[in-house]
Amino acid sequence: MKTILDFANKKNKKEKISMVTCYDYSFAKIVAESKVDTILVGDSLAQVIHGFPNTLHATIEMMALHTAAVSRGAGNKFVVADMPFMSTRKGLETAMNDVQKLMVAGAHAVKIENVDGHAELIKHIVESGVPVMGHLGLTPQSIHQLGGPKIQGRSQTAAEKLMNDAFIMEQAGCFAIVLELIPSVLAEKVTQNLKIPTIGIGAGSGTDGQVLVLQDMLGMNPEFNPKFLKKFGQGHTHVLAALNQYAEEVSSVAFPKPENGYE
Ligand code: KIV
């Protein structure tokens, strides 16, 4: 997928959208070769790449640096970059400067968590020619306010608010919305009531697409096993085995062989 028009087309044709996060050039090149539709340079890079406990530690400098690396490897894939923690809460000028940094780094769109206090900003970004993806449900930048990584939208009031927030995002001009960790029935209802596509994570199969963190779906972290996650690879096992084989062959002088050397 190359443009936001492809997102709308997929929804119209009832074709599912596949998205993965990506944070660096070498993985971006592999995603570019794959059938995955689109890439998110998520602020989850604070955890996955930099080892912080949550996404609050992602800065605009980190987001722009990783977005630039990904965009150099992403080929024709549509790249969305996360607006980091607090970047949308310090006034229009700061927000627009950060949008500019991500777009100049090579993003094709930015993603913004939550809509409270953001509707006018989203309109302004869209009117400035920059596509915006929304993010509702579990919004990790509000992890302390939410009391942890809990399922959102379970009560009727919370479900109604989420539905209303999704409408506000759509009206503000978002071209798609990520729905994270909400009941499948609610995600399906939101999806059916919106014109724009929804992309779910921990939101069941009734959304217009799915997104997973690349390292999670590759099985890089054996300790991370939430119910919503399917591991499509045994990354940790394979990488560990390769490292151990390398170390053993260096130790036994099985590597390098004569053919690995130069005359
Ligand atoms: O930062 C991220 O990885 C995300 C996805 C979980 C949707 O926002």
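Me: Which residues lie nearest the centre of the second largest pocket?

Reply: Asn114, Asp116, Thr139, Ser142 and Leu146, out of 26 lining residues. A pocket here is an open set of points on a 1 Å grid over the protein atoms alone, where a 1.4 Å probe fits, with protein on both sides within 12 Å along at least five of seven lines; lining residues have an atom within 4 Å of a point. This is a predicted model, where local features need pLDDT of at least 70, side-chain atom pairs count only at pLDDT 80 or more, and totals for chains, interfaces and linings use all residues. Residues are numbered from 1 along each chain as its sequence is written, and side-chain values use heavy atoms, with hydrogens and water left out.

Me: What volume does the second largest pocket have?

Reply: About 580 Å³, taken as the space filled by probe spheres set on the grid points.

Me: Which element gives the most to its lining?

Reply: H8, with 4 residues. S4, strand S5 (132–137), helix H7 (143–146) and helix H8 (156–172) each supply at least two. Helices (H or I, at least four residues) and strands (E, at least two) are DSSP runs, numbered from the N terminus.

Me: How do the residues of that lining divide?

Reply: Into 9 nonpolar, 11 polar and 6 charged. Asp, Glu, Lys and Arg count as charged, Gly goes with the polar ones, and Pro, Cys and Tyr are among the nonpolar.

Me: How far are the polar side-chain atoms of aspartate 43 and lysine 111 from a ligand oxygen?

Reply: For aspartate 43 the distance is 3.0 Å, and for lysine 111 it is 2.9 Å. Aspartate 82 also has a side-chain N or O atom 3.1 Å from a ligand oxygen.

Me: How much of the ligand does the protein bury?

Reply: Taken alone the ligand exposes 260 Å², and the protein buries 95% of that. Those areas come from the Shrake-Rupley method with a 1.4 Å probe.

Me: Last topic, the backbone. Where is the cis peptide bond?

Reply: Between phenylalanine 255 and proline 256, with omega about 0°. Proline 256 is in the segment after helix H11 (235–252).

Me: And what about the phi of leucine 181?

Reply: Leucine 181 has a positive phi of about 50°, although it is not a glycine. Most residues other than glycine have a negative phi. Leucine 181 sits in the loop between S6 and helix H9 (184–193).

Note on methods. A polar contact is a pair of N or O atoms within 3.5 Å; within protein, one must be able to donate a hydrogen and the other to accept it, and residues adjacent in sequence count only if both atoms are side-chain atoms.
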